[in-house]
Amino acid sequence: MNADRLIKFELARLNAHLPERRISLKEALSLTKPQVPTRDGSVHSFKRKELEILAKLLPEADWEKLQLPIFIALEPKLGRGAAKVSGEVEAKVAAKLLGKEAARELLIYRPEVALLRRNLPTTTQYLFVW
Amino acid sequence: MSYKTAVIGDMDTTTGMALAGATHTHVHVKRDETLAKLNEFLTSDEIGLILVTHRVAEELGFEFRQMMRTKRLLPLVLRIPDKTGYVPKVDELQETIKRTVGAEIVVKKEGG
Amino acid sequence: MATALAVSPTRMELMKLKKQLNLAQRGHDLLKEKMDALVMEFFEIFRKIQESRTKALEQLSTAYRALTNCFALMGTLETVQAARETRRELQIEISSRYLMGISIPAVEFGEIQRNALTRGYGLHMTSSVLDEAAREFERALGLLVELAETEAVAFAIARELEKTKRRVNALEYILIPRLKGALKFIMMRLDEMERENFTRLKRIKAIIEEHR
């Protein structure tokens, strides 16, 4: 069992269906089927209910700046259970939902990740940076 | 993609669901017929959800469980109680939890 | 099975093994992080199922009662006939979404098709009990569609969790101990060889001294 191959294989599995590109909240709201194409040719759909939640949390001017899905990044140097939300508007909306202060990027811990995921299960995605 | 719904159960269940908009219904009488119908629903490209009553699922027994294990992602299959409210004692979900997460839960409680 | 790793006790091997161990530990961390996330998602979906099931079953009971009522007041045959002739057809929208690489269904209540002729139940006069039964079942169906999606997601997560747990265990209980064992073996042998060399050198030195 080669450890190097194992990591590559596992990462490939985790990242296979990541979106090929993201779309803004504004664009998502305008589509009848809000979704993004995934790297492997499939699609990842957003639930309208979540788009509405996000729209309420941000001023309309920010709707075209918010890129979906919002990535919740996990990386080894953050330590177990910690995650990062990057992107100014992404961090802003996540912070607002969590009742925290916003910054350019947001560091969150397990219970906060859980809360984000509970409210935005389709508009957030895990990103493993290993 | 748009899909339709199918129901397999007794007269009450199928009637009620038909009123609500289920497209395909089958009233269970004989085991072989029902299994054949279920297979038809499972292999149909236009059906997205099949509702089956717990009673019928139990009566179909092993074959039913087999079909559930080997079926494709779609259609989704959901077991529901009929008008008697009968729900089997063994809950598949609970069993699945015990199997996969059972140990985890204990560890988490102690470790915090 | 450290002994099964046929390694020659050289410094090269030592370096290779240290690198392997490092990678294995990184892989272990990655999988543990994944598992943590999966467990969290699972607990969340499980909670949703409980809620969803309670609501759906309650509504279903109500619907069955309304139907029984309808049977009693309108007649069983008439009700069944009306159901057969109903023009309403539920369409559900199912597409895919992804969670950590696993495909799960995204289900939304779609359009309810209505035949151009009539929204009702064929040519019969619609009775209010029939309407009520239909309405309650419609509500129940909506909740059941939600429940079906939630259960499908739960099983998908459970399956992935099992797979991941197995891989974590393989690393934790087989590969990493194997690597550590081999590492320890090499280090011991290298130490031993160094000591032997040292002793040998001392002896040689002593002999040289003697012959001076």
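Student: Which residue with a positive phi follows H4(A)?
Tutor: This is a predicted model, in which local features need pLDDT of at least 70, side-chain atom pairs count only at pLDDT 80 or more, and totals for chains, interfaces and linings use all residues. Residues are numbered from 1 along each chain as its sequence is written, while chains are lettered from A and ligands numbered from 1 in the order in which they are written. Helices (H or I, at least four residues) and strands (E, at least two) are DSSP runs, numbered from the N terminus. With H4(A) spanning residues 88–98, the residue that follows, with a phi near 75 degrees, is Gly99(A).

Student: Okay, and which residues in H4(A) are buried?
Tutor: A residue is buried if 20 or more other C-beta atoms, placed from the backbone, lie within 10 Å of its own, exposed if 12 or fewer, and partly exposed in between. The buried residues of H4(A) pack against several elements of chain A, including helix H3 (48–57), E5 and strand E7 (105–109). In H4(A), those that count as buried are Glu90(A), Ala91(A), Lys92(A), Val93(A) and Ala94(A).

Student: How many residues of strand E8 of chain A are buried?
Tutor: E8(A) takes in residues 124–128 and is mostly covered. Thr124(A), Tyr126(A) and Phe128(A) point one way, Gln125(A) and Leu127(A) point the other, and both groups are buried. In a regular strand the side chains alternate between the two faces of the sheet. For E8(A), the count is 5 of 5.

Student: Which residue stands opposite Gln125(A) in E8(A)?
Tutor: Look at the neighbouring strand E5 (residues 70–74) of chain A, which pairs with E8(A) in the parallel sense over 5 bridges. Strands pair if DSSP finds at least two bridges between them. Opposite Gln125(A) you'll find Phe71(A).

Student: Which element gives the most to the side of chain C that touches chain B?
Tutor: That contact takes 43 residues from chain C and 32 residues from chain B. Elements of chain C that give two or more residues include H1, helix H2 (76–85) and strand E2 (102–113). By class, chain C's side has 29 nonpolar, 6 polar and 8 charged residues, where Ala, Val, Leu, Ile, Met, Phe, Trp, Tyr, Cys and Pro count as nonpolar, Asp, Glu, Lys and Arg as charged, and the others, Gly among them, as polar. With 17 residues, the element that gives the most is H3(C).

Student: What gives the largest share of the side of chain C that touches chain A?
Tutor: This contact takes 24 residues from chain C and 28 residues from chain A. Helix H1 (11–74) and strand E1 (89–99) of chain C are the elements that give two or more residues. Chain C's side divides into 10 nonpolar, 5 polar and 9 charged residues. The largest share, 16 residues, comes from H1(C).

Student: How many residues has the largest nonpolar core?
Tutor: A nonpolar core is a set of buried Ala, Val, Leu, Ile, Met, Phe, Trp, Tyr and Cys residues joined through C-beta atoms within 7 Å. Ile50(B), Ala133(C), Phe137(C) and Leu144(C) have the most contacts inside the largest one, and H3(C) gives the most to this core, with 21 residues. The total for this core is 98 residues.

Student: Where in chain C does pLDDT stay under 50?
Tutor: pLDDT is the predictor's confidence in each residue, from 0 to 100. Chain C averages 86, and 89% of the residues score at least 70. Where pLDDT is low, the predicted coordinates should not be read in detail. The stretch under 50, for which the model has 4 contacts beyond four places in sequence, is residues 115–119.

How values were computed: Two residues are in contact if their C-beta atoms, placed from the backbone, lie within 7 Å.
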